[in-house]
Amino acid sequence: MCAKQRHNYKNLKIWKLGLEITNSVSDILLDFPKHERFNLSSQISRCSVSIPSNIAEGSARTDKSFSHFLDISLGSSFELGTQLLVAHHRKYINKIILNTLEGKIEEFQRMTMGFQNSLN
């Protein structure tokens, strides 16, 4: 791809999956205890929103810079996985929800790393 061309993030499968993860996370946060609103829930929300947001922001950059934004998005996905494990440990989410989200996150990570390799 020419350095002057930009990616349309709305057409990227990784962005769509990232947004799906964000929306799924948003749905489960509705059931979290109120005392977690400014703690774990807030942290989970921020890192899940970071996943598709960094893809969107990076898509307007050169491929080299876009790759950096994909690194940030990947980092947020690993952070989210850890925070979901904490939520499961605290019994805020059950094993089925955890496994479903972990599967989506792992798929996102594989797809994003593959896409990132195609940029380099």
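This is a predicted model: local features need pLDDT of at least 70, side-chain atom pairs count only at pLDDT 80 or more; totals for chains, interfaces and linings use all residues.
The account opens with helices α2 and α3. Helix α2 spans residues 40-58 and helix α3 spans residues 63-89, and their axes come within 8 Å of each other. The two axes cross at roughly 160 degrees. An angle over 145 degrees counts as roughly antiparallel, and α2 and α3 are therefore roughly antiparallel to each other. The crossing in which α2 passes α3 is left-handed. On the α2 side, the contact is made by L40, Q43, I44, C47, S48, S50, I51, N54, I55, E57 and G58. On the α3 side, the contributors are F66, F69, L70, I72, S73, S76, S77, E79, L80, Q83, V86 and A87.

S73 lies in helix α3 and has a relative accessibility of 0%. Because buried means under 20% relative accessible area, S73 counts as buried. Apart from its neighbours within four places in sequence, S73 is in contact with S50, I51, N54, I55 and F108.

The discussion now turns to the nonpolar interior. In soluble globular proteins, nonpolar side chains tend to be buried together. The largest nonpolar core of this model holds 28 residues, of which F32, I44, I55, L80, L84 and F108 touch the most other members. Two or more residues come from each of α1 (13-29), α2, α3 and α4. Helix α1 gives the most to this core, with seven residues. Among the residues named above, I44 and I55 of α2 and L80 of α3 also take part in the contact between those two helices. L84, for its part, is in contact with I28, I93, L98, L101 and I105, when its neighbours within four places in sequence are left aside.

Two further residues complete the description. V49 is found in helix α2, and with a relative accessible area of 39% it is partly exposed. V49 and L17 are 32 residues apart in sequence, and their C-alpha atoms are 12 Å apart in space. K91 has its place in the loop between α3 and α4, the latter covering residues 95-119. The relative accessible area of K91 is 71%, so this residue is exposed. The phi angle of K91 is near 65 degrees, a positive value in a residue other than glycine.

Technical notes: Residues are numbered from 1 along each chain as its sequence is written. Side-chain values use heavy atoms; hydrogens and water are left out. Axes are lines fitted to C-alpha atoms, for helices over the stretch in contact, and angles run from 0 to 180 degrees between N-to-C directions. Helices (H or I, at least four residues) and strands (E, at least two) are DSSP runs, numbered from the N terminus. Angles under 35 degrees count as roughly parallel, over 145 as roughly antiparallel, 65 to 115 as roughly perpendicular and the rest as oblique. A crossing is left-handed if the near helix is turned anticlockwise from the far one by less than a right angle, and right-handed if clockwise. Contact means heavy atoms within 4.5 Å. Buried means under 20% relative accessible area, exposed over 50%, partly exposed in between (1.4 Å probe, protein chains only). A nonpolar core is a set of buried Ala, Val, Leu, Ile, Met, Phe, Trp, Tyr and Cys residues joined through side-chain atoms within 4.5 Å.
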